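Biologist: I would like to learn how to read a structure one feature at a time. Please give the general idea, then the case at hand.

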Amino acid sequence: MYPLLRPLALSLAALAVTAGAAAQEPVAKVKVSTTRDPVDKSYRKMIQGMDRFEREHAFAPDAPLRFQLLPRTPDVKMEGITLRVAGDTVSVPVPIGLDNSFVLPRNEQALREDAAVLANRKTTSMTWRALIRTPNLPPDTRRLGDLRLECRVGTEAGLVSNNSQLFAWLSNALLSADQVCNSPEGNYLFFADRPLFGVRLRAGGRVEDLPFKMLYAGGDQTPDMLRFCDCQVLLDRTYYAPLWDKSWPDDTIVEFEYMADAAPAVPTPSPAPEAGQ
């Protein structure tokens, strides 16, 4: 299976945390100041993700690193988003592209102040991902090595959003990038550009379609579960990739078949000839 964190597993983990907390100090303390929103992204964590990108760039040697903001609730407006790195004394604006992607600048003062990366939207209205794309690929395709590195960078950077701070804490505490990205039980979701009908892997003469259980966040999401998944409004665009399967090389091409491709042009009928012609 390729599960998300199931409610039962989360409940058991939460009980374990609660039981442990009863016998000692609370597991985690959050420091809140006027310049920080503790549920936004940690600048320090995102820099760690950037460092991992540099260390493991061989997965995608020709691709640059960007980050991207995606909607997770139906009412969020993705136009006009502004982003900044905010610490106790530092504030650095971050330019955002038309696709809501951005390059995060390095700033030593922001690192020292353990700054946050803040958007002018409610945190639970958006999710975040690493965006690593080798240039000049055929249309409607990705490269498997790029996805492998996206998972490592995104997990290391703590990008996966969650409505519940408790669930997010458990996810961060129990799942490292190596666990998520090197295991068939990993649950790192990718998002296609449009709603998906199918996904196909192609490496030389080997061609395989991803099974249904690797599409649509596993295909077993209920409305209650979707509240805790950052695929909340992008479910029909989600897929898992066999990141752990080394029989698929990094140069494997991931092909997308979309639910609604552009309709073919309909020829305009010629006008009927007038009488006597």
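Biologist: Which residues lie nearest the centre of the largest cavity?

Modeller: First, the ground rules. This is a predicted model, in which local features need pLDDT of at least 70 and side-chain atom pairs count only at pLDDT 80 or more, while totals for chains, interfaces and linings use all residues. Residues are numbered from 1 along each chain as its sequence is written, and side-chain values use heavy atoms, with hydrogens and water left out.

Modeller: Now the general idea: rolling a probe the size of a water molecule over the atoms shows where empty space is left. A cavity is a set of points, on a 1 Å grid over the protein atoms alone, where a 1.4 Å probe fits but cannot get out; lining residues have an atom within 4 Å of a point. Here twelve residues line the largest cavity, and Gly 186, Tyr 188, Ala 241, Leu 243 and Trp 244 lie nearest its centre.

Biologist: How many cavities of 30 Å³ or more are there, and how much space lies in the largest?

Modeller: The count is one cavity of 30 Å³ or more, and the largest cavity holds about 70 Å³. Grid points are joined across faces, edges and corners, and the volume is the space filled by probe spheres set on the points.

Biologist: How does the lining divide into nonpolar, polar and charged residues?

Modeller: Nine of the lining residues are nonpolar, three are polar and none is charged. Nonpolar covers Ala, Val, Leu, Ile, Met, Phe, Trp, Tyr, Cys and Pro; charged covers Asp, Glu, Lys and Arg; the others, Gly among them, are polar.

Biologist: Which charged residue lies over the face of Tyr 188, and which one sits over the ring of Tyr 258?

Modeller: The test is that NZ of Lys or CZ of Arg is within 6 Å of the ring centre and within 35 degrees of the ring normal. Arg 129 lies over the face of Tyr 188, 5.1 Å from the ring centre. Over the ring of Tyr 258 sits the charged end of Arg 194, at 3.9 Å from the centre.

Biologist: How many residues of H4 are buried?

Modeller: Helices (H or I, at least four residues) and strands (E, at least two) are DSSP runs, numbered from the N terminus. Twelve of the 13 residues of H4 are buried, so H4 is largely enclosed by the rest of the structure. Among them are Asp 146, Arg 148, Glu 150 and Arg 152. Helix H4, residues 144-156, reaches 18 Å from its first C-alpha to its last, close to the 18 Å expected at 1.5 Å a residue (1.5 Å times one less than the number of residues). After H4 comes Gly 158, with a positive phi near 70 degrees.

Biologist: What is phi of Asp 114, and what is phi of Asp 140?

Modeller: Most residues other than glycine have a negative phi, and most peptide bonds are trans. Asp 114 has a positive phi near 50 degrees and lies in the loop between helix H3 (108-112) and strand S6 (116-119). At 29% relative accessibility, Asp 114 is partly exposed. Phi of Asp 140 is positive too, near 60 degrees; Asp 140 is in the loop between S7 and S8 and is partly exposed at 36% relative accessibility.

Technical notes: 1 Å grid on protein atoms, 1.4 Å probe; cavity = no way out; pocket = protein on both sides within 12 Å on 5 of 7 lines; lining within 4 Å. Buried < 20%, exposed > 50% of the residue type's maximum accessible area, 1.4 Å probe, protein only.
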